[in-house]
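Let's take a friendly walk through this structure, one feature at a time. Keep the sequence and the 3D view open as you read.

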Amino acid sequence: MSNDIAIIGVGMHPWGKWGKNFVEYGVKAARDAIKDAGIDWKDVQFVSGAATMRCGYPGYVAGATFAQALGWQGAEVNTSYAACASGSQALAAARAKILSGECEVALVIGADTTPKGFLAPQKGRRPDDPDWVRFHLGITNPTYFALYARRRMEMYGDTQNDFAMVKVKNAEHGFSNPYARYKKKFTAEDVAASAMVADPLRLMDICATSDGGAALIVCSMEYAKKIGRADAVKVAAISTVTPTYASSVIEMPDIATDSGAVVDAQSFRAALPVKAYEEAGIGPEDISLAEVYDLSTALELDWIEDLQLCERGHAAQLVREGATKIGGRLPINTSGGLACFGEAVPAQAISQICELTWQLRGQAGDRQVENANVGITANQGLFGHGSSVIVKK
Amino acid sequence: MTAKKKEPAIEGWFTMDSDKPHLLGSKCCDCGTFYFPKQKNFCKNPSCNGEEFEEVKLSRTGKVWSFTNSCYKPPEPFVAAEPFVPYTIAAVELEHEKMTVLGQVVEGVNVSDLKAGMEMELVLDTLYEDDESEKITWKWKPVSA
(Lines give C-alpha, C1' and ligand atoms only; values in the text may rest on other atoms or scores of the structure.)
Protein backbone atom coordinates (compact mmCIF):
# COMPACT_ATOMS: atom_id res chain seq x y z
CA MET A 1 0.00 0.00 0.00
CA SER A 2 1.19 3.45 -0.82
CA ASN A 3 1.96 5.73 2.10
CA ASP A 4 1.73 8.82 -0.08
CA ILE A 5 -0.37 11.82 0.84
CA ALA A 6 -1.12 14.74 -1.48
CA ILE A 7 -0.03 18.36 -1.04
CA ILE A 8 -2.96 20.28 -2.54
CA GLY A 9 -2.23 23.71 -1.11
CA VAL A 10 0.81 25.78 -0.13
CA GLY A 11 1.08 29.31 1.23
CA MET A 12 3.62 31.62 2.85
CA HIS A 13 3.89 35.03 4.47
CA PRO A 14 7.00 36.93 3.32
CA TRP A 15 10.00 36.56 5.66
CA GLY A 16 11.30 39.75 7.26
CA LYS A 17 11.58 41.60 10.55
CA TRP A 18 8.02 42.83 10.61
CA GLY A 19 7.58 42.93 14.40
CA LYS A 20 3.96 41.77 14.25
CA ASN A 21 2.26 38.95 16.16
CA PHE A 22 3.28 35.55 14.75
CA VAL A 23 -0.41 34.57 14.41
CA GLU A 24 -0.85 37.13 11.61
CA TYR A 25 1.90 35.52 9.53
CA GLY A 26 0.45 32.06 10.08
CA VAL A 27 -3.11 33.01 9.21
CA LYS A 28 -2.00 34.76 6.01
CA ALA A 29 -0.01 31.66 4.98
CA ALA A 30 -2.95 29.36 5.88
CA ARG A 31 -5.48 31.41 3.92
CA ASP A 32 -3.19 31.32 0.88
CA ALA A 33 -2.76 27.54 1.23
CA ILE A 34 -6.53 26.99 1.59
CA LYS A 35 -7.19 29.15 -1.48
CA ASP A 36 -4.45 27.32 -3.41
CA ALA A 37 -6.10 23.99 -2.48
CA GLY A 38 -9.47 25.19 -3.70
CA ILE A 39 -11.19 24.00 -0.54
CA ASP A 40 -13.06 25.77 2.25
CA TRP A 41 -11.47 26.31 5.69
CA LYS A 42 -14.40 24.40 7.16
CA ASP A 43 -13.32 21.33 5.13
CA VAL A 44 -10.11 21.08 7.21
CA GLN A 45 -10.48 18.35 9.85
CA PHE A 46 -7.09 18.56 11.55
CA VAL A 47 -4.79 21.49 12.28
CA SER A 48 -1.20 20.45 12.91
CA GLY A 49 0.79 23.41 14.22
CA ALA A 50 4.53 23.83 14.75
CA ALA A 51 5.14 25.57 18.08
CA THR A 52 7.19 28.69 18.71
CA MET A 53 8.96 29.05 22.06
CA ARG A 54 9.37 32.80 21.77
CA CYS A 55 5.80 34.06 21.71
CA GLY A 56 4.35 32.92 25.04
CA TYR A 57 1.47 30.51 25.62
CA PRO A 58 -0.22 31.01 22.20
CA GLY A 59 3.05 29.79 20.68
CA TYR A 60 3.12 26.62 22.82
CA VAL A 61 -0.36 25.70 21.59
CA ALA A 62 0.18 26.95 18.04
CA GLY A 63 -2.22 24.44 16.45
CA ALA A 64 -5.11 25.73 18.54
CA THR A 65 -3.99 29.34 18.22
CA PHE A 66 -4.16 29.20 14.42
CA ALA A 67 -7.43 27.22 14.46
CA GLN A 68 -8.99 29.91 16.65
CA ALA A 69 -7.61 32.75 14.53
CA LEU A 70 -8.98 31.14 11.37
CA GLY A 71 -12.34 30.72 13.15
CA TRP A 72 -13.16 27.73 15.38
CA GLN A 73 -14.95 25.18 13.24
CA GLY A 74 -14.58 22.00 15.29
CA ALA A 75 -11.38 20.61 13.71
CA GLU A 76 -9.03 18.59 15.91
CA VAL A 77 -5.70 20.23 16.72
CA ASN A 78 -2.15 19.19 17.53
CA THR A 79 1.05 21.09 18.28
CA SER A 80 4.56 19.79 17.63
CA TYR A 81 7.85 21.12 18.87
CA ALA A 82 11.08 19.72 17.45
CA ALA A 83 13.34 22.78 17.11
CA CYS A 84 14.24 23.30 13.43
CA ALA A 85 12.34 20.11 12.49
CA SER A 86 9.05 21.27 14.11
CA GLY A 87 7.35 21.76 10.75
CA SER A 88 8.28 18.25 9.59
CA GLN A 89 6.98 16.73 12.82
CA ALA A 90 3.74 18.64 12.37
CA LEU A 91 3.55 17.20 8.84
CA ALA A 92 4.30 13.71 10.18
CA ALA A 93 1.42 14.06 12.68
CA ALA A 94 -0.94 15.08 9.87
CA ARG A 95 0.22 12.20 7.67
CA ALA A 96 -0.32 9.66 10.46
CA LYS A 97 -3.85 10.96 10.99
CA ILE A 98 -4.59 10.81 7.23
CA LEU A 99 -3.06 7.37 6.61
CA SER A 100 -4.87 5.89 9.62
CA GLY A 101 -8.12 7.12 8.11
CA GLU A 102 -8.90 9.44 11.03
CA CYS A 103 -9.08 12.47 8.77
CA GLU A 104 -8.98 13.28 5.07
CA VAL A 105 -7.60 16.79 4.95
CA ALA A 106 -5.26 18.67 7.27
CA LEU A 107 -3.60 22.07 7.64
CA VAL A 108 0.11 22.02 8.59
CA ILE A 109 1.26 25.41 9.78
CA GLY A 110 4.11 27.25 11.49
CA ALA A 111 5.01 30.90 12.09
CA ASP A 112 7.41 32.86 14.26
CA THR A 113 8.33 36.32 15.45
CA THR A 114 11.99 36.49 16.46
CA PRO A 115 13.72 38.90 18.82
CA LYS A 116 16.48 41.25 17.63
CA GLY A 117 20.18 40.47 18.14
CA PHE A 118 22.10 37.35 19.14
CA LEU A 119 20.40 34.48 20.90
CA ALA A 120 21.64 34.19 24.50
CA PRO A 121 20.95 31.73 27.32
CA GLN A 122 18.58 32.34 30.22
CA LYS A 123 19.93 34.34 33.17
CA GLY A 124 21.37 32.86 36.38
CA ARG A 125 24.37 30.64 37.21
CA ARG A 126 23.68 27.05 36.09
CA PRO A 127 26.93 25.02 35.96
CA ASP A 128 24.93 21.79 35.41
CA ASP A 129 23.49 23.14 32.13
CA PRO A 130 25.90 22.59 29.21
CA ASP A 131 24.30 25.50 27.36
CA TRP A 132 25.20 27.83 30.26
CA VAL A 133 28.71 26.39 30.57
CA ARG A 134 29.60 26.79 26.91
CA PHE A 135 28.51 30.44 26.84
CA HIS A 136 30.45 31.01 30.08
CA LEU A 137 33.54 29.58 28.35
CA GLY A 138 32.98 31.80 25.30
CA ILE A 139 31.60 29.19 22.89
CA THR A 140 28.72 30.71 20.86
CA ASN A 141 26.54 29.33 18.07
CA PRO A 142 28.83 30.54 15.25
CA THR A 143 31.69 28.64 16.96
CA TYR A 144 30.11 25.31 15.97
CA PHE A 145 29.36 26.40 12.37
CA ALA A 146 32.94 27.66 12.06
CA LEU A 147 34.42 24.39 13.39
CA TYR A 148 32.51 22.46 10.70
CA ALA A 149 33.60 24.93 8.02
CA ARG A 150 37.26 24.82 9.05
CA ARG A 151 37.12 21.02 9.17
CA ARG A 152 36.09 21.06 5.48
CA MET A 153 39.02 23.33 4.65
CA GLU A 154 41.43 21.06 6.50
CA MET A 155 40.05 17.76 5.16
CA TYR A 156 38.93 18.59 1.62
CA GLY A 157 40.77 21.78 0.72
CA ASP A 158 37.62 23.92 0.57
CA THR A 159 38.32 27.66 0.57
CA GLN A 160 36.57 30.71 1.97
CA ASN A 161 35.86 31.65 -1.64
CA ASP A 162 33.96 28.36 -2.08
CA PHE A 163 31.81 29.33 0.90
CA ALA A 164 31.30 32.82 -0.54
CA MET A 165 30.17 31.25 -3.84
CA VAL A 166 27.36 29.48 -1.93
CA LYS A 167 26.16 32.85 -0.67
CA VAL A 168 26.42 34.39 -4.15
CA LYS A 169 24.45 31.48 -5.64
CA ASN A 170 21.72 31.60 -2.98
CA ALA A 171 21.46 35.38 -3.29
CA GLU A 172 20.90 34.95 -7.03
CA HIS A 173 18.22 32.33 -6.39
CA GLY A 174 16.37 34.36 -3.76
CA PHE A 175 16.53 37.61 -5.75
CA SER A 176 13.20 36.98 -7.49
CA ASN A 177 11.50 35.07 -4.66
CA PRO A 178 8.62 37.25 -3.39
CA TYR A 179 8.79 35.56 0.04
CA ALA A 180 12.55 36.07 0.61
CA ARG A 181 13.74 38.70 3.11
CA TYR A 182 17.09 39.60 1.51
CA LYS A 183 16.80 40.39 -2.17
CA LYS A 184 20.20 41.60 -3.27
CA LYS A 185 22.67 39.95 -5.65
CA PHE A 186 25.72 39.85 -3.40
CA THR A 187 29.16 39.24 -4.89
CA ALA A 188 32.09 37.23 -3.50
CA GLU A 189 33.73 40.62 -2.83
CA ASP A 190 30.75 41.66 -0.68
CA VAL A 191 31.13 38.47 1.37
CA ALA A 192 34.91 38.93 1.72
CA ALA A 193 34.36 42.53 2.86
CA SER A 194 31.90 41.56 5.60
CA ALA A 195 33.20 41.28 9.17
CA MET A 196 34.88 38.08 10.34
CA VAL A 197 32.68 36.50 13.06
CA ALA A 198 34.26 33.10 13.70
CA ASP A 199 37.16 32.35 11.36
CA PRO A 200 36.66 31.18 8.56
CA LEU A 201 33.05 32.44 8.61
CA ARG A 202 32.17 36.05 7.97
CA LEU A 203 28.92 37.82 8.78
CA MET A 204 27.53 37.07 5.30
CA ASP A 205 28.32 33.35 5.65
CA ILE A 206 25.94 33.05 8.62
CA CYS A 207 22.14 33.19 8.46
CA ALA A 208 20.01 35.69 10.38
CA THR A 209 16.78 35.10 12.32
CA SER A 210 13.53 36.28 10.78
CA ASP A 211 9.77 36.53 11.15
CA GLY A 212 7.78 34.39 8.73
CA GLY A 213 4.98 31.89 8.25
CA ALA A 214 4.28 28.89 6.02
CA ALA A 215 1.40 26.45 5.59
CA LEU A 216 0.42 23.32 3.67
CA ILE A 217 -2.92 21.67 2.96
CA VAL A 218 -2.36 17.91 2.78
CA CYS A 219 -4.93 15.17 2.19
CA SER A 220 -5.45 11.51 1.39
CA MET A 221 -4.96 10.42 -2.23
CA GLU A 222 -8.69 9.53 -2.32
CA TYR A 223 -9.67 13.03 -1.26
CA ALA A 224 -7.31 14.52 -3.87
CA LYS A 225 -8.98 12.39 -6.56
CA LYS A 226 -12.44 13.35 -5.32
CA ILE A 227 -11.73 17.06 -5.77
CA GLY A 228 -10.00 16.57 -9.13
CA ARG A 229 -6.44 16.91 -7.82
CA ALA A 230 -5.18 13.37 -8.40
CA ASP A 231 -2.08 14.87 -10.07
CA ALA A 232 -1.06 16.81 -6.94
CA VAL A 233 2.53 16.71 -5.68
CA LYS A 234 2.89 14.00 -3.04
CA VAL A 235 4.78 13.56 0.22
CA ALA A 236 6.74 10.36 -0.44
CA ALA A 237 8.70 10.15 2.83
CA ILE A 238 9.25 11.91 6.15
CA SER A 239 12.27 11.10 8.28
CA THR A 240 12.45 12.54 11.80
CA VAL A 241 14.89 10.01 13.27
CA THR A 242 16.91 10.89 16.36
CA PRO A 243 20.69 10.39 16.47
CA THR A 244 22.24 7.01 17.21
CA TYR A 245 24.74 6.85 20.06
CA ALA A 246 27.68 7.63 19.89
CA SER A 247 27.49 10.96 18.06
CA SER A 248 30.92 11.67 16.61
CA VAL A 249 30.45 15.33 15.67
CA ILE A 250 30.50 18.10 18.25
CA GLU A 251 26.94 19.45 18.43
CA MET A 252 25.57 22.67 19.84
CA PRO A 253 25.38 23.17 22.85
CA ASP A 254 27.80 20.42 23.93
CA ILE A 255 31.35 20.91 25.23
CA ALA A 256 32.38 17.39 24.15
CA THR A 257 31.14 14.66 21.81
CA ASP A 258 29.96 11.24 22.95
CA SER A 259 32.75 8.74 23.44
CA GLY A 260 33.24 6.24 20.62
CA ALA A 261 35.43 4.10 22.90
CA VAL A 262 33.02 1.16 23.17
CA VAL A 263 30.39 1.80 20.46
CA ASP A 264 30.93 2.95 16.89
CA ALA A 265 30.75 6.67 16.27
CA GLN A 266 27.82 7.86 14.11
CA SER A 267 26.93 10.98 12.12
CA PHE A 268 23.43 12.31 12.77
CA ARG A 269 23.19 14.52 9.69
CA ALA A 270 24.12 11.63 7.40
CA ALA A 271 21.54 9.35 9.09
CA LEU A 272 18.59 11.71 8.53
CA PRO A 273 18.02 11.14 4.78
CA VAL A 274 18.68 7.39 4.94
CA LYS A 275 15.24 6.61 6.35
CA ALA A 276 13.63 9.04 3.88
CA TYR A 277 15.26 7.34 0.88
CA GLU A 278 14.25 3.90 2.19
CA GLU A 279 10.67 4.94 2.87
CA ALA A 280 10.24 6.59 -0.55
CA GLY A 281 11.97 3.79 -2.43
CA ILE A 282 13.90 6.58 -4.10
CA GLY A 283 17.67 7.00 -4.28
CA PRO A 284 19.94 10.07 -4.35
CA GLU A 285 20.32 9.58 -8.13
CA ASP A 286 16.57 10.34 -8.54
CA ILE A 287 16.74 13.75 -6.82
CA SER A 288 16.05 16.77 -9.07
CA LEU A 289 16.63 19.45 -6.44
CA ALA A 290 17.11 19.94 -2.69
CA GLU A 291 16.28 22.53 -0.02
CA VAL A 292 18.85 22.23 2.77
CA TYR A 293 19.41 24.07 6.05
CA ASP A 294 22.20 26.54 5.27
CA LEU A 295 22.68 27.99 8.76
CA SER A 296 26.09 28.77 7.29
CA THR A 297 27.32 28.72 3.70
CA ALA A 298 29.74 25.88 4.48
CA LEU A 299 26.98 23.80 6.08
CA GLU A 300 25.16 23.71 2.72
CA LEU A 301 28.17 21.77 1.39
CA ASP A 302 28.00 19.31 4.31
CA TRP A 303 24.31 18.72 3.58
CA ILE A 304 24.88 18.01 -0.12
CA GLU A 305 27.22 15.21 0.97
CA ASP A 306 25.01 14.01 3.83
CA LEU A 307 22.16 13.65 1.30
CA GLN A 308 24.55 11.48 -0.76
CA LEU A 309 24.16 13.83 -3.74
CA CYS A 310 27.92 13.64 -4.25
CA GLU A 311 30.89 11.89 -2.67
CA ARG A 312 32.15 13.10 0.69
CA GLY A 313 34.46 16.07 0.13
CA HIS A 314 33.26 16.85 -3.40
CA ALA A 315 30.49 19.40 -2.74
CA ALA A 316 32.70 22.46 -3.21
CA GLN A 317 33.60 21.18 -6.68
CA LEU A 318 29.87 21.09 -7.56
CA VAL A 319 29.60 24.74 -6.53
CA ARG A 320 32.68 25.70 -8.56
CA GLU A 321 31.17 23.98 -11.62
CA GLY A 322 27.87 25.82 -11.16
CA ALA A 323 26.03 22.50 -10.74
CA THR A 324 24.10 23.73 -7.69
CA LYS A 325 22.68 26.79 -9.49
CA ILE A 326 19.27 26.86 -11.14
CA GLY A 327 20.10 25.59 -14.62
CA GLY A 328 22.84 23.32 -13.23
CA ARG A 329 22.43 19.58 -12.89
CA LEU A 330 21.66 19.62 -9.16
CA PRO A 331 20.06 22.90 -8.02
CA ILE A 332 20.34 23.45 -4.26
CA ASN A 333 18.23 25.97 -2.32
CA THR A 334 16.33 27.35 -5.29
CA SER A 335 14.26 29.42 -2.83
CA GLY A 336 17.41 31.29 -1.81
CA GLY A 337 17.71 29.21 1.35
CA LEU A 338 18.29 30.55 4.83
CA ALA A 339 20.83 32.93 3.27
CA CYS A 340 17.93 34.89 1.75
CA PHE A 341 15.24 34.06 4.30
CA GLY A 342 16.86 34.01 7.73
CA GLU A 343 15.61 31.37 10.10
CA ALA A 344 11.99 31.42 11.32
CA VAL A 345 12.23 28.15 13.23
CA PRO A 346 8.70 26.64 13.20
CA ALA A 347 8.00 27.83 9.65
CA GLN A 348 11.29 26.87 8.03
CA ALA A 349 10.84 23.14 7.38
CA ILE A 350 7.35 23.87 5.98
CA SER A 351 8.68 26.63 3.71
CA GLN A 352 11.21 24.15 2.27
CA ILE A 353 8.26 21.94 1.23
CA CYS A 354 6.38 24.95 -0.21
CA GLU A 355 9.35 25.67 -2.49
CA LEU A 356 9.64 22.05 -3.64
CA THR A 357 5.90 21.95 -4.33
CA TRP A 358 6.03 25.06 -6.50
CA GLN A 359 9.03 23.63 -8.34
CA LEU A 360 7.40 20.24 -8.97
CA ARG A 361 4.21 21.93 -10.16
CA GLY A 362 6.19 24.16 -12.54
CA GLN A 363 4.99 27.30 -10.72
CA ALA A 364 8.36 28.65 -9.54
CA GLY A 365 8.53 31.48 -12.10
CA ASP A 366 12.06 32.85 -12.61
CA ARG A 367 13.37 30.17 -10.22
CA GLN A 368 11.87 27.27 -12.16
CA VAL A 369 14.05 24.16 -12.43
CA GLU A 370 13.46 22.19 -15.64
CA ASN A 371 12.16 18.62 -15.31
CA ALA A 372 11.81 18.81 -11.54
CA ASN A 373 10.33 15.46 -10.50
CA VAL A 374 11.64 14.66 -7.01
CA GLY A 375 12.80 17.02 -4.29
CA ILE A 376 14.30 16.46 -0.85
CA THR A 377 14.59 18.69 2.22
CA ALA A 378 17.00 18.48 5.13
CA ASN A 379 17.35 20.32 8.39
CA GLN A 380 18.80 19.85 11.85
CA GLY A 381 18.22 21.58 15.14
CA LEU A 382 19.13 21.28 18.81
CA PHE A 383 18.67 18.21 21.02
CA GLY A 384 18.62 15.48 18.39
CA HIS A 385 15.93 17.07 16.24
CA GLY A 386 16.22 16.92 12.48
CA SER A 387 14.23 15.92 9.45
CA SER A 388 14.33 15.06 5.79
CA VAL A 389 11.22 15.05 3.60
CA ILE A 390 10.92 13.75 0.03
CA VAL A 391 8.23 15.10 -2.31
CA LYS A 392 7.54 13.73 -5.76
CA LYS A 393 5.26 14.31 -8.74
CA MET B 1 50.54 43.41 45.99
CA THR B 2 49.42 39.90 46.86
CA ALA B 3 48.35 37.52 44.10
CA LYS B 4 44.65 36.84 43.87
CA LYS B 5 43.28 33.49 44.93
CA LYS B 6 42.85 31.04 42.03
CA GLU B 7 39.47 29.32 41.78
CA PRO B 8 38.04 27.00 39.13
CA ALA B 9 35.49 28.81 36.95
CA ILE B 10 33.44 25.60 37.07
CA GLU B 11 33.85 23.34 40.10
CA GLY B 12 34.79 19.68 39.54
CA TRP B 13 35.38 19.75 35.78
CA PHE B 14 39.19 19.61 35.94
CA THR B 15 42.07 19.19 38.40
CA MET B 16 43.76 22.37 39.67
CA ASP B 17 47.23 20.87 39.12
CA SER B 18 48.94 23.79 37.39
CA ASP B 19 51.77 21.59 36.11
CA LYS B 20 49.86 18.66 34.57
CA PRO B 21 46.12 19.36 34.74
CA HIS B 22 43.46 16.87 33.62
CA LEU B 23 39.80 17.20 32.68
CA LEU B 24 37.68 15.16 35.08
CA GLY B 25 35.24 12.89 33.30
CA SER B 26 33.52 9.68 34.28
CA LYS B 27 33.53 6.11 33.01
CA CYS B 28 30.64 3.65 33.12
CA CYS B 29 31.61 0.74 35.38
CA ASP B 30 29.61 -1.66 33.15
CA CYS B 31 30.48 -0.79 29.53
CA GLY B 32 33.48 1.51 29.87
CA THR B 33 32.04 4.48 27.95
CA PHE B 34 33.63 7.82 28.87
CA TYR B 35 31.74 11.01 29.65
CA PHE B 36 32.69 14.66 29.81
CA PRO B 37 31.20 16.39 31.66
CA LYS B 38 30.69 13.59 34.18
CA GLN B 39 27.68 11.33 33.84
CA LYS B 40 26.48 10.39 37.32
CA ASN B 41 23.26 8.35 37.13
CA PHE B 42 22.45 6.40 34.00
CA CYS B 43 24.66 5.28 31.13
CA LYS B 44 23.65 6.79 27.75
CA ASN B 45 24.91 3.84 25.71
CA PRO B 46 21.57 2.36 24.49
CA SER B 47 22.95 -1.19 24.98
CA CYS B 48 23.98 -0.59 28.60
CA ASN B 49 21.95 -0.46 31.81
CA GLY B 50 24.88 0.81 33.85
CA GLU B 51 24.16 3.09 36.82
CA GLU B 52 27.59 3.25 38.43
CA PHE B 53 30.40 5.50 37.30
CA GLU B 54 33.94 6.15 38.40
CA GLU B 55 35.59 9.54 38.10
CA VAL B 56 38.47 9.43 35.63
CA LYS B 57 41.15 11.86 34.57
CA LEU B 58 40.88 12.25 30.80
CA SER B 59 43.96 12.20 28.54
CA ARG B 60 45.67 15.57 28.74
CA THR B 61 46.88 15.53 25.15
CA GLY B 62 45.03 15.08 21.86
CA LYS B 63 44.93 16.10 18.22
CA VAL B 64 43.20 19.13 16.68
CA TRP B 65 39.91 18.16 14.96
CA SER B 66 39.05 21.72 14.02
CA PHE B 67 39.49 25.29 15.24
CA THR B 68 38.09 28.80 15.01
CA ASN B 69 38.07 32.05 16.95
CA SER B 70 35.66 34.48 18.51
CA CYS B 71 35.94 37.90 16.92
CA TYR B 72 32.97 39.37 18.77
CA LYS B 73 32.26 39.58 22.48
CA PRO B 74 29.92 36.70 23.40
CA PRO B 75 26.79 37.43 25.45
CA GLU B 76 26.60 36.77 29.22
CA PRO B 77 27.37 34.54 31.08
CA PHE B 78 30.72 35.11 29.34
CA VAL B 79 32.71 37.68 31.34
CA ALA B 80 34.65 39.78 28.86
CA ALA B 81 37.69 41.93 29.50
CA GLU B 82 37.40 45.59 28.44
CA PRO B 83 38.34 46.09 25.69
CA PHE B 84 37.34 42.65 24.39
CA VAL B 85 40.27 40.53 23.19
CA PRO B 86 39.42 37.92 20.50
CA TYR B 87 40.46 34.37 21.39
CA THR B 88 41.05 31.12 19.52
CA ILE B 89 38.99 27.95 20.12
CA ALA B 90 39.95 24.36 19.32
CA ALA B 91 38.09 21.03 19.20
CA VAL B 92 40.61 18.38 20.26
CA GLU B 93 40.22 14.63 19.76
CA LEU B 94 41.33 12.42 22.64
CA GLU B 95 42.55 9.15 21.19
CA HIS B 96 41.99 6.86 24.18
CA GLU B 97 38.51 8.20 25.04
CA LYS B 98 37.54 8.67 21.36
CA MET B 99 35.86 11.95 22.11
CA THR B 100 36.36 15.55 21.02
CA VAL B 101 36.52 18.30 23.64
CA LEU B 102 36.17 22.05 23.04
CA GLY B 103 38.20 24.70 24.77
CA GLN B 104 39.81 28.07 24.32
CA VAL B 105 43.39 28.06 23.07
CA VAL B 106 46.05 29.91 25.08
CA GLU B 107 46.65 33.57 24.25
CA GLY B 108 49.13 34.24 21.47
CA VAL B 109 48.06 31.24 19.37
CA ASN B 110 46.00 32.32 16.36
CA VAL B 111 43.91 30.42 13.85
CA SER B 112 46.80 30.71 11.37
CA ASP B 113 49.06 28.82 13.82
CA LEU B 114 46.83 25.70 13.94
CA LYS B 115 46.33 22.69 11.66
CA ALA B 116 44.09 19.64 11.92
CA GLY B 117 46.02 16.77 13.52
CA MET B 118 48.32 19.07 15.50
CA GLU B 119 49.22 17.74 18.97
CA MET B 120 47.73 19.80 21.80
CA GLU B 121 48.01 19.63 25.58
CA LEU B 122 45.74 20.76 28.36
CA VAL B 123 46.84 23.71 30.49
CA LEU B 124 45.19 25.90 33.11
CA ASP B 125 44.69 29.58 32.45
CA THR B 126 42.58 32.53 33.56
CA LEU B 127 39.05 32.74 32.15
CA TYR B 128 38.39 36.08 33.89
CA GLU B 129 39.11 37.91 37.14
CA ASP B 130 36.83 39.53 39.66
CA ASP B 131 37.76 41.60 42.73
CA GLU B 132 38.61 38.60 44.91
CA SER B 133 39.86 35.88 42.62
CA GLU B 134 41.17 34.66 39.33
CA LYS B 135 38.72 32.24 37.71
CA ILE B 136 40.57 29.35 36.13
CA THR B 137 39.58 27.20 33.16
CA TRP B 138 41.24 24.61 30.93
CA LYS B 139 42.73 25.71 27.64
CA TRP B 140 44.46 23.93 24.80
CA LYS B 141 48.08 24.69 23.92
CA PRO B 142 50.13 23.38 20.98
CA VAL B 143 52.67 20.88 22.33
CA SER B 144 55.37 22.45 20.21
CA ALA B 145 54.73 26.00 21.51
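To compare two helices, we use axes, which are lines fitted to C-alpha atoms over the stretch in contact, and the angle between them runs from 0 to 180 degrees between N-to-C directions. Keep in mind that this is a predicted model.

Start with helix α1 (residues 22-37) and helix α3 (residues 62-70), both of chain A: they pack at an angle of about 65°, and their axes are 10 Å apart. Angles of 65 to 115 degrees count as roughly perpendicular, and α1(A) and α3(A) are therefore roughly perpendicular to each other. Their crossing is right-handed. On the α1(A) side, the contact is made by A:V23, A:G26, A:V27 and A:A30, while α3(A) brings A:T65, A:F66, A:A69 and A:L70. Of the residues in this contact, six are nonpolar, two are polar and none is charged.

**A helix with a buried side**

Next, find helix α10 (residues 268-280) of chain A. Which of its residues are buried? They are A:R269, A:L272, A:P273, A:A276, A:Y277 and A:A280. These residues lie on the same side of α10(A) because they cover an arc of only 120° around the axis. Their cover includes β8 (233-239), α11 (297-306), β10 (374-380) and β11 (386-392) of chain A.

**One lysine to look up**

Now look for A:K225, which sits in helix α9 (residues 221-226) of chain A. Is A:K225 buried, exposed or partly exposed? A:K225 has 14 other C-beta atoms within 10 Å, so it is partly exposed; a buried residue would have 20 or more, and an exposed one 12 or fewer. Between A:K225 and A:V374 there are 149 residues of separation in sequence, and their C-alpha atoms are 21 Å apart in space.

**Where the chains meet**

Finally, turn to chains A and B. Here, 40 residues of chain B are in contact with 34 residues of chain A. On the chain B side, β3 (34-35), β5 (61-70), β6 (87-94) and β7 (99-105) each supply at least two residues. Which of the elements gives the most? That is β5(B), with six residues. The table sorts the side of chain B that touches chain A by class.

| Class | Residues of chain B |
|---|---|
| Nonpolar | 24 residues |
| Polar | 10 residues |

Terms used
Residues numbered from 1 in each chain as written. Chains lettered and ligands numbered in written order. Predicted model: local features only at pLDDT ≥ 70, side-chain atom pairs only at ≥ 80, totals over all residues. Helix = DSSP H or I, 4+ residues; strand = E, 2+ residues; numbered from the N terminus. Arc of directions from axis to C-beta. Contact = placed C-beta atoms within 7 Å. Parallel < 35°, antiparallel > 145°, perpendicular 65-115°, else oblique. Left-handed = near helix turned anticlockwise from the far one by under 90°. Nonpolar A, V, L, I, M, F, W, Y, C, P; charged D, E, K, R; others polar.
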